[in-house]
Amino acid sequence: MNQMQYPPSDAKQGSSSQDASTSFHTDFDRVQESMHSAISMNKTEILDAALDGFSEGYFGLSNENRRTLLLTLAREYDLNRTQVRELMKQYLGLELPSGDKSVEHLHEEEGSFSGFYRIERNLRHSLKPMYEVLFERLNTHPGGLRFLSVMRADILSFLAEENIASLRALDSYLKEKLITWLSPATLQLHNITWDDPASLLEKIVAYEAVHPISNLLDLKRRLGVGRRCFGYLHPAIPGEPLIFIEVALMKNVAQTIQEVLWDDPPIPECEATCAVFYSISSTQPGLSGINLGKFLIKRVIDVVRRDMPRISTFATLSPIPGYMQWLLSKLASAERSDSTFSENLLKPEEETALLDAAEEFTTGKNAIEVMWNLLSSTSLEWANSEKLSLVLKTPLMRLCARYLLQEKKRGKALDSVGNFHLQNGAMIGRINWMADRSEKGLRQSAGIMVNYIYKVEHIEENAQSYFSKGQIQASDDVRNYLERQADRQEETKD
């Protein structure tokens, strides 16, 4: 106890530091050796021990040592490019047989192609990196699939810091493998209820990413009458949903998250005609980019239609996470631009109304600056002022329609949530004012939320037109926001 109360002498401290450093490197070397054995060994007993040693040892490594190990895996266990080049030279050196397909030449032709078949087989084998063996063996090893998910989460984290080509290739290869191993055929749909084990319910609370669960009563309500929660489970990761979706059974498509999250008692389920998907959350960062949500939504629609034939409308009440960031950047850009290149983000009557309403809250040399000051303020005063909210509603709703329908990246919707639902075959149904009054909702999208509608008979058609042409399907109500703006611009030109 006395030794713990006082710092050691310099000599002892140096010795302790040296011991720790030696242990540190020994642990890394041991994990790296286990990784090599897991790739190169074939005996079952040795292989199982090597896989256990690698996965257990990996969790004990520091963040920097994990990075070093993954770079070693990506670079030293990549494919043999010298061998690939040699096989390609041999392949290009072969002479294609003649095109004569007569019966008497068929046997001779088969023999002529045997060289192609052999080199093509060898090429296919040589184009597989050595780390594929590690991935394949871990996938069939107890706990291996979960470990691969953790490993990929680390890879994505390191790539966010520095885009390293070999690490990017490692991630791409592992992602392709995970997509194959996590096909819908391998996933089990589970209706999560209050009667499920506490360990599973804890995962729901911990991973709810859209609307945080505040307490056990809140959780019980979300799993009770008029509500459903479905999750995809995998046999290799028992007791933990890879992704889950929360559903509200209602008479009409909800316009605010407040009505979904129990501002009012739920209606009897027998009266419900609409299923509203109001939250979808992934529990595994390492599965980023693997669209399990697409399969989950379609599967849930099938289950609800089967169990509750009265329900004919399927919609979401979705956040618009990128809207405010986009709008503030547009306002800042318009403020910096001269009159020749500036965008007319606000109509003249909107500018006048905004300047009049904002006098007691903020100042600015024009309406654009005033709007930027109000929306970027940490106090969110505008949301608590009936006068300011009323004045801001029209331009914010119109610009939100533009953001959802017209702002794109590589031909697809700029908004991440929008892109997810549109590629799954939904259409934009309605934009809802002050649908989420939480601080998060106000900062993300000025409290605006959107209903995406899944019309069962048009899901595949919508998805195909979005993928092939970038076409976004939307209701007339949503398009009217932009058409009124277009009409106004035509009138100005005349």
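Tutor: By class, the residues lining the largest pocket are 17 nonpolar, 16 polar and three charged. Keep in mind as we go that this is a predicted model. The space inside the largest pocket comes to about 1,000 Å³. There are 36 lining residues, and the ones closest to the centre of the pocket are Ile 280, Ser 282, Ser 416, Val 417 and Phe 420.

Where does the lining of the largest pocket come from? At least two residues each are supplied by the strands β3 (243–250) and β4 (274–282), and by the helices α13 (292–307), α19 (416–423) and α20 (439–445). In terms of domains, domain 3 (185–316) and domain 4 (323–493) each give at least three residues to this lining.

You can find its lining at Leu 145, Ser 149, Leu 178, Leu 182, Ile 237, Leu 242, Gln 284 and Leu 287. Sorted by class, that lining has six nonpolar residues, two polar ones and no charged ones.

From here, let's turn to some helix contacts. Helix α4 (residues 63–76) and helix α8 (residues 144–161) have axes that come within 10 Å and cross at roughly 95°. On the α4 side, the contact is made by Asn 63, Arg 66, Arg 67, Leu 70 and Leu 73, which meet Val 150, Met 151, Asp 154, Ile 155 and Phe 158 of α8. The residues of this contact divide into six nonpolar, one polar and three charged.

One more pair is worth a look. The axes of helix α3 (residues 44–59) and helix α7 (residues 131–139) come within 11 Å, crossing at roughly 95°. Therefore α3 and α7 are also roughly perpendicular to each other. Here Leu 47, Leu 51 and Phe 54 of α3 meet Leu 134, Arg 137 and Leu 138 of α7. By class, the contact of α3 with α7 has five nonpolar residues, no polar ones and one charged one.

Note on methods. Residues are numbered from 1 along each chain as its sequence is written. This is a predicted model: local features need pLDDT of at least 70, side-chain atom pairs count only at pLDDT 80 or more; totals for chains, interfaces and linings use all residues. Side-chain values use heavy atoms; hydrogens and water are left out. Axes are lines fitted to C-alpha atoms, for helices over the stretch in contact, and angles run from 0 to 180 degrees between N-to-C directions. Helices (H or I, at least four residues) and strands (E, at least two) are DSSP runs, numbered from the N terminus. Angles under 35 degrees count as roughly parallel, over 145 as roughly antiparallel, 65 to 115 as roughly perpendicular and the rest as oblique. Contact means heavy atoms within 4.5 Å. Ala, Val, Leu, Ile, Met, Phe, Trp, Tyr, Cys and Pro count as nonpolar, Asp, Glu, Lys and Arg as charged, and the others, Gly among them, as polar. On a 1 Å grid over the protein atoms alone, a cavity is a set of points where a 1.4 Å probe fits but cannot get out, and a pocket is an open set with protein on both sides within 12 Å along at least five of seven lines; lining residues have an atom within 4 Å of a point. Grid points are joined across faces, edges and corners, and a volume is the space filled by probe spheres set on the points. Domain bounds come from an automatic or database domain assignment.
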